[in-house]
Amino acid sequence: MKNLTNLLIKGAMAYALAMHGANAAAQQVALAAEQAPVTAIDILLEPDATMLQRCEANNARLLKVYPKGFALDAAHRPHITMLQCFIRTADLDQVYAPAHKVLAAANVNAMRLEAFKYYYAPGGAVGVAGICAKPTPELIKLQADIIAAVKPFTVETGSIGAFTAPHDDPALDATIIQYVSTFVPKQAGENFNPHVSTGVALKEYLDQILAEPFEPFTFSPAGAAVYQLGPFGTAAKKLKEWDLKP
């Protein structure tokens, strides 16, 4: 009986040690995954010349009243965001193929979109201004298909290091991280607000712009790309671009 008891004790101890080792290994894997480099990306549509002209005019106006904003250039590319999310940097190359497959099947260049109002997204004392387009069934479906295609590669959140640069204000850093982390579902599906950001200004001035009449116009997407996000959610660094013309 004594020998049997000793064997049972030794067996229990061996099992406990094995489980401890397995749990420790799992924790190390999880920790390594959390610490793996992450990139904040924007899968986007690039607007045609009609929308670009309107954006540039609005951007010039905003810069006059708020010079600390941004100009529209290669590091602040005008675009319609379809999806913002965090991706492990090592997985970026695996994201491009499924995203391209969805975009190529959607006949994006044939879409006709209607710009119908100004808007802005607040962040502290300032706001990121934009021109909104009406969401069409085709555009909503395209967004849903992109989200589904990329979902296996997304992670819940990341640090400001996932962006090309931080803001001067840590509160703005926290705001943009939260925005990207909750883009799905807060900015998707029935909440989708397709728009092209045009610059930054104080909220009081942007409220004045919202009160002005807006002359609607139509435009089309001219292409699609993946960018790394920069401050204020700008399309700051091109990672991949596709020519979607038939």
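Predicted model: local features only at pLDDT ≥ 70, side-chain atom pairs only at ≥ 80, totals over all residues.

Which residues are exposed on the other side of H3?

Modeller: On the side of H3 you ask about, the exposed residues are Asp 93, Ala 97, Lys 101, Ala 104 and Ala 105. The buried residues of H3 are Leu 92, Val 95, Tyr 96, Ala 99, Val 102 and Leu 103. Viewed down the helix axis, these buried residues fall within an arc of 140°, so they line one face of H3.

The length of the helix can be checked as well. H3 comprises the 14 residues 92-105, which at 1.5 Å a residue should span 20 Å, and the C-alpha atoms at its ends are 21 Å apart, in agreement with that expectation.

As for what lies over the buried residues of H3, the cover includes strand E1 (38-47), strand E2 (80-88), helix H4 (137-150), strand E8 (221-229) and strand E9 (235-242).

Most residues other than glycine have a negative phi, whereas Asn 107 has a positive one although it is not a glycine. Its relative accessibility is 45%, so Asn 107 counts as partly exposed. Phe 232, in the loop between E8 and E9, likewise has a positive phi, here of about 65°, although it is not a glycine. At 25% relative accessibility, Phe 232 also counts as partly exposed.

Apart from its neighbours within four places in sequence, Val 38 is in contact with Phe 86, Ile 87, Arg 88, Thr 89, Val 155, Thr 157 and Ala 162. The C-alpha atoms of Val 38 and Gly 161 are separated by 7.9 Å, while the two residues are 123 apart along the chain. For the chain as a whole, among contacts between residues at least 6 apart in sequence, 82% join residues at least 24 apart.

Another helix, H2 (residues 49-65), packs with H7 (residues 203-210) at an angle of about 145°, their axes being 11 Å apart, and the crossing is right-handed. There, Arg 61, Leu 62 and Val 65 of H2 meet Tyr 205, Leu 206 and Ile 209 of H7, a contact that by class has five nonpolar, no polar and one charged residues. Asn 58 also lies in H2, and at 4% relative accessibility it counts as buried. Leaving out residues up to four places away in sequence, Asn 58 touches Tyr 118, Ala 129 and Thr 198.

One last point of backbone geometry concerns the peptide bond from Val 184 to Pro 185, which is cis, with omega near 15°. Pro 185 lies in helix H6 (residues 183-186).

Key:
Residues numbered from 1 in each chain as written. Heavy atoms only, no water. Helix = DSSP H or I, 4+ residues; strand = E, 2+ residues; numbered from the N terminus. Expected span 1.5 Å × (residues − 1). Buried < 20%, exposed > 50% of the residue type's maximum accessible area, 1.4 Å probe, protein only. Arc of directions from axis to C-beta. Contact = heavy atoms within 4.5 Å. Axes fitted to C-alpha atoms, helices over the stretch in contact; angles between N-to-C directions. Left-handed = near helix turned anticlockwise from the far one by under 90°. Nonpolar A, V, L, I, M, F, W, Y, C, P; charged D, E, K, R; others polar.
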